[in-house]
Protein chains: 2
Amino acid sequence: MEVHSGKVVQLSGPRGVCCDCSQFQLCLPLDLGEADIRRLEALMQRQRRLARGTVLYRSGDRFRALYVVRTGSLKTFTLSRDGEAQITGFHMAAEMVGLDAVSIGTHPCEAVALESSTVCEIPFDDLENLSRELPGLQRQLLRLMSREIFHDHEMLQALTRRSAEERLAIVLMNFSRRFARRGLSATRFRLPMSRNDLSNYLGLAPETLSRLFRRFQEQGWLEGRGKEVVLLRPDAIQEMAN
Amino acid sequence: MEVHSGKVVQLSGPRGVCCDCSQFQLCLPLDLGEADIRRLEALMQRQRRLARGTVLYRSGDRFRALYVVRTGSLKTFTLSRDGEAQITGFHMAAEMVGLDAVSIGTHPCEAVALESSTVCEIPFDDLENLSRELPGLQRQLLRLMSREIFHDHEMLQALTRRSAEERLAIVLMNFSRRFARRGLSATRFRLPMSRNDLSNYLGLAPETLSRLFRRFQEQGWLEGRGKEVVLLRPDAIQEMAN
DNA sequence: CGATGGTTTGACTTACCTCAAGAACAGTGG
DNA sequence: CCACTGTTCTTGAGGTAAGTCAAACCATCG
């Protein structure tokens, strides 16, 4: 699962923030020369600030760029014919958004900031051109997409074969891993999304999710007030997630 | 959804069968010179025959090649810790298998022939190298992966927000479209997989699926004996699938 | 022919959803 | 700092879609 290996490429952007790639998955496993770094850097100059609730792109928008979350977090969701939303993913710092649009040229889902966030815009045409010259970059791009597929398959498995409480355990451990990857605590973190969003993502009613949180607390597995969560028995939760 | 446009590249393989690309999604939208066609062709020479039930690759196998289904059909599925299978997809002629392995270098799922089938093997390293020189090929590769993500998201939506009968309607129309795309009848076809596999894919108990088929027949929407299916009211089924 | 595995049917159970009503919370403005 | 309003979250009661279990049925196929 972890593709984070190899030399870390440190990029410093124009304002010294945008292109600090120590977290950004697209650069990480690359081993580029100074000149190549500059070129990749050039693609990532454009940065956008998003207030909570801001739409990054809408379903149906023309696909022009991929985005890397720099700070904060986003959710992506599809809207069915009758306006029902289905959340397809949450995207935290260092993660990429928009990969599902490459195929059809328009965004099949909508991306919205869950909190005040910043994202880095990468024009796709330019990225594609550059990746033609940098084999490592090309491979990494494919890897990211493949990883997305892999994740979706895990999610499919979870949503069909697992009980509600198993799903909660799975998603909790998933977040735990993603926070840990960024050097944050694996047992004490803040879920950036509402209970509603989370229940939607898990294919459950909000009421069911609420009851599950209570049950987990009664069992002494976690403590949570609001969005803050402390995992007291990560081993037990992991066991449940299997 | 349909990326099938542009000039059709006709390739004739060594035995005159392997590389007839009129159906193969990787070549379709390309506009290549004679020399390039030969090179792409060269990647696809290796063909494998699979008897029903034959394993193409196992979960955990080192990832070396992608496969294109030439005839017959395959299923792919993941195995959870405790041996439970979750079918992630059915793959018919002209469709590609193995894309989810690019990320981690090993196959995360297992591929098995549903009937006597043939597949075309494409060594991934070679494909990657060639795609560096042929921009159209590179883009098409990304597109295929993105389409897979798109499909998975649709599936996620179906499995969480839709009732059992809606799911059946969705999958029936999906197959209908895929058969039609290959020039076969959209209303009269043979489902290559067992009821068990189909129910697993839809996240339902086999019994539930059986009852659904009966209900659809009672309503005069379809007729089916065994794996043969005739859609009598595709409009109604489409309506249900929404 | 019986043996094997897939499929159907019926009776019963249950995990989760729905509905409805409070409770906690987050802004907003006084 | 406190009302006030709207929103999100929790809790309870009751219903139902789909799962489970068990048995009968039906195809292949040696």
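At 37% relative accessibility, N242(B) counts as partly exposed, a class that lies between buried (under 20% relative accessible area) and exposed (over 50%), as computed with a 1.4 Å probe on protein chains only. The model in which this residue is found is predicted, so that local features need pLDDT of at least 70 and side-chain atom pairs count only at pLDDT 80 or more, whereas totals for chains, interfaces and linings use all residues. Residues are numbered from 1 along each chain as its sequence is written, chains are lettered from A and ligands numbered from 1 in the order in which they are written, and side-chain values use heavy atoms, with hydrogens and water left out.

N242(B) is placed in the segment after α7 of chain B. Its phi is near 65°, a positive value in a residue other than glycine. The helix that it follows, α7(B), spans residues 234-241; helices (H or I, at least four residues) and strands (E, at least two) are DSSP runs, numbered from the N terminus. Within this helix, A236(B), I237(B), M240(B) and A241(B) are buried. Seen down the axis of α7(B), the buried residues fall within an arc of 140°, so they line one face of the helix; the arc is that of the directions from the helix axis to the C-beta atoms. An α-helix has 3.6 residues a turn, so residues three or four places apart point the same way. The buried residues of α7(B) pack against α4 (164-181) and β11 (228-231) of chain B.

In chain A, helix α7 (residues 234-241) contains E239(A). This residue counts as exposed, at 61% relative accessibility. In sequence, E239(A) and E166(A) are 73 residues apart, while their C-alpha atoms are 9.3 Å apart in space. A positive phi also occurs in chain A, where that of A94(A), a residue other than glycine, is near 80°. A94(A) is located in the loop between β5 (85-92) and β6 (96-97) of chain A, and is buried, with a relative accessible area of 7%.

The arrangement of the two chains was examined next. Chain B is superposed on chain A (RMSD 0.1 Å) by a rotation of 180° with 0.0 Å of shift along its axis, the copies being fitted by least squares on the C-alpha atoms of residues with pLDDT of at least 70 in both. That is the relation of a two-fold axis. The same surface serves both copies, as 100% of the contact residues of chain B recur in chain A, where contact means heavy atoms within 4.5 Å.

Sugar and phosphate account for 58% of the atoms of DNA strand D that come within 4 Å of the protein. Two or more residues each are given to the surface near DNA strand D by α5 (195-202) and α6 (206-218) of chain A and by α6 (206-218) of chain B. With four residues, α6(A) gives the most to this surface.

Conventions:
Near = heavy atom within 4 Å.
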